[in-house]
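Hi there,

Here is the structure I promised to pass on to you. Have a look at it first, and then read my notes below.

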Amino acid sequence: MPAASAVADGDKPDAANADATAAARRASDVRRLLSPFHGLRPFSDALAGGGEAAVAAAYDELARRHVAGERVTTPMLNAVLRALSGAAAVDAAVEAAGRLFEEYGRAGAAHDADAYNAVIAACVRAGKAAAVEGLVAVMEAGGPPADGQLAGPPPPNEDSWDALMRAHAAAKDADGVLLALRRATAAGVSRTYALT
């Protein structure tokens, strides 16, 4: 009997260690889950240029959060939208960015200038100056929210105007660049531009 008691006593410290380790893991998991940054790594990986796999992981995290009833924020959507606009093949980027842009209202998020600028960036990259012009015009016009959206379009910001000028420059449309510069100046943008 004493041998069995020694074995049982010898197991107690290991069992206590296992219990303590499990408790520490649970506490760590709780802290991680309660952290305001929980689950944000896929978004930073996608923005850091992690490639299409990182963008897919970030999109999957958005979908998981939405299905679970967790909050999906405009900055989260913007991170995926920005990554999509630069990671995918050019034409696929415009299509994917457009589809995600339409999902904002369903996710309970509003479009901000960064959301518009991410789609605009995809259009600039694809050489679609007319699409960029159209998006900036929608932002300039403002107005009520479109169907399913929470807010009307924000006004264009400096990045919007820069992208519009780049799109016209890439299309070798000097008049378009000049007109965009005049519109930006009228909107209060005061940047110095150099023609190269």
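A salt bridge is a side-chain nitrogen of Lys or Arg within 4 Å of a carboxyl oxygen of Asp or Glu. Please keep in mind that this is a predicted model. The structure holds seven salt bridges, and four residues, Glu61, Arg64, Arg65 and Glu70, are linked in a network of them.

Let's start with that network. Glu61 forms a salt bridge with Arg64, at 2.8 Å from N to O. Glu61 also pairs with Arg65, where the closest N and O atoms are 2.9 Å apart. Helix α3 (residues 51-67) holds both Glu61 and Arg64, which sit three residues apart, about one turn of the helix. Arg65 and Glu61 are also both in helix α3, but four residues apart, again about one turn of the helix.

Which of these residues are buried? Arg65 and Glu61 both are. For Glu61 the relative accessibility is 12%, and buried means under 20%, so Glu61 counts as buried. Arg64, with a relative accessible area of 35%, is partly exposed.

Another salt bridge joins Glu140 and Arg183, with their closest N and O atoms 2.5 Å apart. Glu140 belongs to helix α7 (residues 129-141) and Arg183 to helix α9, so this pair ties together parts that are 43 residues apart in sequence. Glu140 is partly exposed, at 38% relative accessibility, whereas Arg183 is buried, with a relative accessible area of 16%.

Two packed helices are described by the angle between their axes and the distance between the axes. Helix α8 (residues 158-170) and helix α9 (residues 174-186) pack with an angle of about 170 degrees, and their axes are 8 Å apart. An angle over 145 degrees counts as roughly antiparallel, so α8 and α9 are roughly antiparallel to each other. Their crossing is left-handed.

Which residues meet where α8 and α9 are in contact? From α8 come Trp161, Leu164, Met165, His168 and Ala169, and from α9 come Gly176, Val177, Ala180, Leu181, Arg183 and Ala184. Of the residues in this contact, eight are nonpolar, two polar and one charged.

Leu181 and Asp162 are 19 residues apart in sequence, while their C-alpha atoms are 8.7 Å apart in space.

Enjoy exploring it!

Best wishes

Definitions and conventions:
Residues are numbered from 1 along each chain as its sequence is written. This is a predicted model: local features need pLDDT of at least 70, side-chain atom pairs count only at pLDDT 80 or more; totals for chains, interfaces and linings use all residues. Side-chain values use heavy atoms; hydrogens and water are left out. Axes are lines fitted to C-alpha atoms, for helices over the stretch in contact, and angles run from 0 to 180 degrees between N-to-C directions. Helices (H or I, at least four residues) and strands (E, at least two) are DSSP runs, numbered from the N terminus. Angles under 35 degrees count as roughly parallel, over 145 as roughly antiparallel, 65 to 115 as roughly perpendicular and the rest as oblique. A crossing is left-handed if the near helix is turned anticlockwise from the far one by less than a right angle, and right-handed if clockwise. Contact means heavy atoms within 4.5 Å. Ala, Val, Leu, Ile, Met, Phe, Trp, Tyr, Cys and Pro count as nonpolar, Asp, Glu, Lys and Arg as charged, and the others, Gly among them, as polar. Buried means under 20% relative accessible area, exposed over 50%, partly exposed in between (1.4 Å probe, protein chains only).
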